[in-house]
Amino acid sequence: MREHPLNWLSGHARQRRAAGLRRELRPRSAGEPVLDLAGNDYLGLATDPRVIEGGLAALREWGAGSTGSRLVTGSTTLHAELETELAAFCGYPGGLVFSSGYLANLGVVTALSGPGSLIVSDGANHASLIDACRLSRARVQVVAHNDVLSVDEALAARTERRAMVLTDSVGSVDGDHAALAALHQVARARGALLVVDEAHGLGVCGPGGRGLLAEAGLAGADDVVATVTLSKALGGQGGAVLGPTAVIEHLVDTARGFIFDTGLAPASVGTALAALRVLAAEPERADAVLAAAAAIAEAAGVPAPASAVVSVVLGDPEVAYAAAGDCLARGLRVGCFRPPSVPEGTSRLRLTARATLTPEELDRVRAVLAEVLPGVRGPGASIVAPVG
Ligand code: PMP
């Protein structure tokens with residue numbers, strides 16, 4: 001008699017519980033009196049009336065869904081408008097919208113690599129880039145975080161003709177910056193494409209929030225491709241690839257996450273367009289989020305980051321989880337990152353800044369962190385400053 005096919009689940013759950021790694025969905029209710037420093041709404045646009053109106057107008061005009069793949073019925077003139085404006089704003093010849101940033105990453109990496117090519121992937125890359133590498137069937141060489149020399153060596157030693165260097169511009173967990181100029185230099189010298197995920201760069205870093213590639217003068221280069229998400233600084237949902245028009249055309253023909261996925265819902269296209277226009281009209285929001293991040297970092301006793309992400313490493317997963325719970329009990333929601341999201345022994349609180357945080361809200365943050373953090377930074381807890 002064979003056992004039930006799901007019997008193994010309870011054993012796995014027990015192991016995760018013992019390791020302090022059970023995850024819990026904690027539904028939040030609308031309007032609850034909690035100050036949120038866990039989300040990625042860096043510019044405060046998720047609730048901006050202009051952004052909401054942009055979504056409502058698109059919903060009324062186009063309906064609830066895009067009704068099909070972009071290649072069948074799901075590509076509206078609104079999608080094209082967003083692609084044109086987003087690419088122009090960030091400084092790229094072309095853009096292609098996907099239904100999430102995750103899918104944009106899967107799509108671009110798989111379509112531009114494949115068997116017989118090499119991907120040199122930064123060791124701290126986001127899970128979506130890791131999954132993209134796994135799907136690509138390319139040879140994948142993972143190098144230490146921001147280790148440009150190792151990237152160069154991997155590219156130089158390859159036998160494959162085609163190669164790609166893959167990195168986040170702003171670390172999703174630490175909020176640090178990739179050495180994009182140096183990476184591009186070695187990629188270009190070795191005939192490799194540089195693919196950069198600007199999920200946490202758009203709206204926050206670079207001139208007027210145009211991202212770190214723009215800051216490095218690399219946006220629009222003919223051997224650089226960027227991905228962005230519409231779900232963080234732009235406050236909505238969806239993702240996009242930005243790059244040379246030949247890349248965009250290749251993705252339309254070959255990116256499976258584009259071809260076989262229903263197009264992004266019109267309401268999300270509408271909110272993204274409206275949010276992009278707010279960002280273009282109010283570039284000071286990008287500076288405001290960095291100033292808020294500096295204030296949060298000071299309150300947490302870590303150096304100011306060059307992004308919206310403040311990382312407070314506590315070490316033990318249960319300690320970090322309990323600290324996040326203590327913050328929530330005091331009305332402050334913060335992120336808690338544990339393995340496998342972060343390496344063993346580096347469980348942490350992740351606090352995100354928002355351009356619209358008021359002085360009173362920052363005072364609340366200071367008060368809560370002053371109550372919670374001293375108790376959890378015992379002798380065993382290491383505090384690692386975010387880099388960059
Ligand atoms: N890249 C990075 C660096 C991210 O942090 C995320 C979101 N957590 C994504 C991609 C995925 O984007 P989305 O949530 O739009 O799918």
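pLDDT is the predictor's confidence in each residue, from 0 to 100. The structure is a predicted model: local features need pLDDT of at least 70, side-chain atom pairs count only at pLDDT 80 or more, and totals for chains, interfaces and linings use all residues. Residues are numbered from 1 along each chain as its sequence is written, and side-chain values use heavy atoms, with hydrogens and water left out. The chain averages a pLDDT of 95, and 97% of the residues score at least 70.

The chain has 14 helices and 11 strands. These are DSSP runs, numbered from the N terminus: helices are H or I with at least four residues, strands are E with at least two. Over residues 379-388, pLDDT stays under 50. Where pLDDT is low, the predicted coordinates should not be read in detail.

The radius of gyration, taken over C-alpha atoms, is compared with a globule rule of 2.2 Å times the number of residues to the power 0.38. For 388 residues, a compact globule would have a value near 21 Å; the chain has 21 Å, which agrees. Along the principal axes, the C-alpha atoms fill a box of roughly 60 × 55 × 50 Å. Buried residues make up 53% of the 388 residues. Buried means under 20% relative accessible area, exposed over 50%, and partly exposed in between (1.4 Å probe, protein chains only). Contact means heavy atoms within 4.5 Å. Among contacts between residues at least 6 apart in sequence, 74% join residues at least 24 apart.

Ser 347 lies in strand β11 (residues 347-352). Ser 347 is buried, with a relative accessible area of 0%. Beyond its neighbours within four places in sequence, its contacts include Val 313, Asp 316, Phe 337 and Pro 339. A cis peptide bond joins Pro 339 and Pro 340, with omega of about 10°. Pro 340 sits in the loop between β10 (332-337) and β11.

Most residues other than glycine have a negative phi, and most peptide bonds are trans. Arg 137 has a positive phi of about 65° although it is not a glycine. Arg 137 is found in the loop between α5 (127-136) and β4 (139-143). Arg 137 is exposed, at 65% relative accessible area. Asn 146, also not a glycine, has a positive phi of about 60°. Asn 146 lies in the loop between β4 and α6 (148-156). With 27% relative accessibility, Asn 146 counts as partly exposed.
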